[in-house]
Amino acid sequence: MNNNQIVLKIIRNNKKALTAYGIVDKFQRIKRIQPMTVYRSLNILISEGYIHRSSHHNSYILCKFSHTENDITTLSVCIKCKDIEEVVMDRNKMGLLMNVLNLKKFNTNKLQQIEIPAICKTCE
């Protein structure tokens, strides 16, 4: 099993999002590696569409959908417990929403991911 497969397995086996150093800690139980090795694997897995990175909590989750070019990944992120739920939004619908919000300066054509910080129902 190569490093990318090990990182993906670690993320897949966790219900909650993991930070890079959380992944490093779990990886170290398998074999000694440098943190940069995990970061390289994370970047590859993101580019291949296997995982997503939440910039709000600087953590990683498994991708639950097979995306098309017209999809925008949307992560709902709980600001209390750090739980993350992935949904997919159609790029055209996002464009309509941005028009309704009168956000004329922004272009959804290059948009890859949106994060919505909120409080989950468990934490309410």
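Colleague: How are buried, exposed and partly exposed told apart?

Modeller: Buried means under 20% relative accessible area, exposed means over 50%, and partly exposed lies in between, with a 1.4 Å probe and protein chains only. Take Gln5: this residue is partly exposed, at a relative accessible area of 43%. The model is predicted, so local features need pLDDT of at least 70 and side-chain atom pairs pLDDT 80 or more, while totals for chains, interfaces and linings use all residues. Numbering starts from 1 along each chain as its sequence is written, and side-chain values use heavy atoms, without hydrogens or water.

Colleague: Which helix holds Gln5?

Modeller: Helices are DSSP runs of H or I, at least four residues, numbered from the N terminus. Gln5 sits in α1, residues 3-12. From Gln5 to Ser41 is 36 residues in sequence, but 8.5 Å in space, C-alpha to C-alpha.

Colleague: What makes up the largest nonpolar core?

Modeller: Such a core is a set of buried Ala, Val, Leu, Ile, Met, Phe, Trp, Tyr and Cys residues joined through side-chain atoms within 4.5 Å. The largest one here has 16 residues, with Val7, Ile23, Val38 and Leu42 making the most contacts inside it. Two or more residues come from each of α1, α2 (20-28) and α3 (35-47). The largest share, 5 residues, is from α1.

Colleague: Which residues does Leu42 touch beyond its neighbours within four places in sequence?

Modeller: Contact means heavy atoms within 4.5 Å. Leu42 meets Val7, Ile11, Ala20, Ile23, Ile51 and Tyr60.

Colleague: How many disulfides are there?

Modeller: A disulfide is a pair of cysteine sulfur atoms within 2.5 Å. The count is 0. Cys78 is in none; its nearest cysteine sulfur, on Cys81, is 3.6 Å away. Cys78 is buried at 2% relative accessible area.
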